[in-house]
Amino acid sequence: MASTRTNPIVNLHFLIVLLLLAICLPFGGGQKKKENLLSEKVEQMMEWSSRRSVIRMNGDKFRRFVKAPPRNYSVIVMFTALQPQRQCSVCRQANEEYQVLANSWRYSSAFSNKLFFTVVDYDEGADVFQQLNMNSAPTFMHFPAKGKPKRADTFDLQRIGFASEQLAKWIADRTDVQIRVFRPPNYSGTIALALLVSLVGGLLYLRRNNLEFIYNKTGWAMAALCVVFAMTSGQMWNHIRGPPYAHKNPQNGQVSYIHGSSQAQFVAESHIILLLNAAITMGMVLLNEAATSKGDVGKRRIICLVGLGLVVFFFSFLLSIFRSKYHGYPYSFLIK
């Protein structure tokens, strides 16, 4: 009678195969499910992006498409407060620059599903602000395709400003995605220049029989001083960096017109510096007038005192602002 006993080695091999199948089948199914979920998320993001360059998100969308895995794309999020009752003028200015940048990416030949621009408004996603312990707006953050955001993934708005070009440079550093900023044509400068030329031309035509005013040294000096005041107060820096006009602390509502760092400034700060420089210059002009004029001695003395007072007081004020920005600067005069 033949033996019915099986080979123990064959049984062992059979058990190993069954064990491997039991391990691999769930893993393969889970991996397939993960890929399908990722594909659905990318497809949905692409659909939203085709409708508008900046995708609006509430708390649920943010947690599903930005925070939750799987995700193989980077997301730039602007946290803002655009509702009129929030009275955030900086938010509206930053949003305009953000829209320019997002449109530049959306309509560029390099556009892909590796980067998306989104926005979370406080009134639509207050829970997101609480989750991230965020108490100021606007704020720009980069959520990488893998891992959690690092410190450098939060844009330094106070130091750099929110110009589209600066945002594009920051995104290139964080994602290696190069975005060339294309701004819509702005004809306001051309129109203003045309009006100025027309005004000057009309004035010259009306005064064509008497053009002595062109040789007026005082007029040219005033025009030159206006240009000098504008440049030395940081107007060109404002034009390049696009800083906010001022900063309002969301906790106590206090408005700051002077930036606390030497690496940045507010628009209001440049206006203050311009006025201080103008006042100091006026004081110097009065001192020169008092020294060179040949009028009444008492009147010259009053002019001298007024000029000296302007120079001393406003230079002290200017020096105090310098000390507040350059921490550790040891010198002061009258005003600390």
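Student: How many disulfides does this predicted model have?

Tutor: The count comes to one disulfide.

Student: What makes the pair C88 and C91 a disulfide?

Tutor: The sulfur atoms of C88 and C91 are 2.1 Å apart. The cut-off is 2.5 Å, so the pair counts as a disulfide.

Student: And which hand does the link of C88 and C91 have?

Tutor: The link is right-handed, with 70° about the S-S bond.

Student: Are C88 and C91 buried or exposed?

Tutor: Both C88 and C91 are buried.

Student: Why is C304 called partly exposed?

Tutor: C304 has a relative accessible area of 31%. Buried would need a value under 20% and exposed one over 50%, so C304 lands in between and is partly exposed.

Student: Which hand does the crossing of α8 and α10 have?

Tutor: That crossing is right-handed.

Student: Which residues make the contact?

Tutor: From α8 you have L225, F229, A230 and T232, and from α10 there are L274, N277, A278 and T281. By kind, the residues of this contact split into five nonpolar, three polar and no charged.

Student: N277 is in that list. What makes N277 buried?

Tutor: Its relative accessibility is 16%. Buried means under 20%, so N277 qualifies. N277 sits in helix α10. Leaving out residues up to four places away in sequence, N277 touches F229, T232 and L318.

Student: Now K114. Where is K114 found?

Tutor: K114 is in the loop between α3 (89-106) and β3 (115-121).

Student: Why does K114 count as partly exposed?

Tutor: K114 has 44% relative accessibility. Exposed needs over 50% and buried needs under 20%, so K114 falls in between and counts as partly exposed.

Student: What does K114 touch?

Tutor: Not counting residues up to four places away in sequence, K114 touches N72, Y73 and S74.

Student: How far is K114 from L275?

Tutor: Their C-alpha atoms are separated by 48 Å, and K114 and L275 are 161 residues apart along the chain.

Terms used. Residues are numbered from 1 along each chain as its sequence is written. This is a predicted model: local features need pLDDT of at least 70, side-chain atom pairs count only at pLDDT 80 or more; totals for chains, interfaces and linings use all residues. Side-chain values use heavy atoms; hydrogens and water are left out. Buried means under 20% relative accessible area, exposed over 50%, partly exposed in between (1.4 Å probe, protein chains only). A crossing is left-handed if the near helix is turned anticlockwise from the far one by less than a right angle, and right-handed if clockwise. Helices (H or I, at least four residues) and strands (E, at least two) are DSSP runs, numbered from the N terminus. Contact means heavy atoms within 4.5 Å. Ala, Val, Leu, Ile, Met, Phe, Trp, Tyr, Cys and Pro count as nonpolar, Asp, Glu, Lys and Arg as charged, and the others, Gly among them, as polar.
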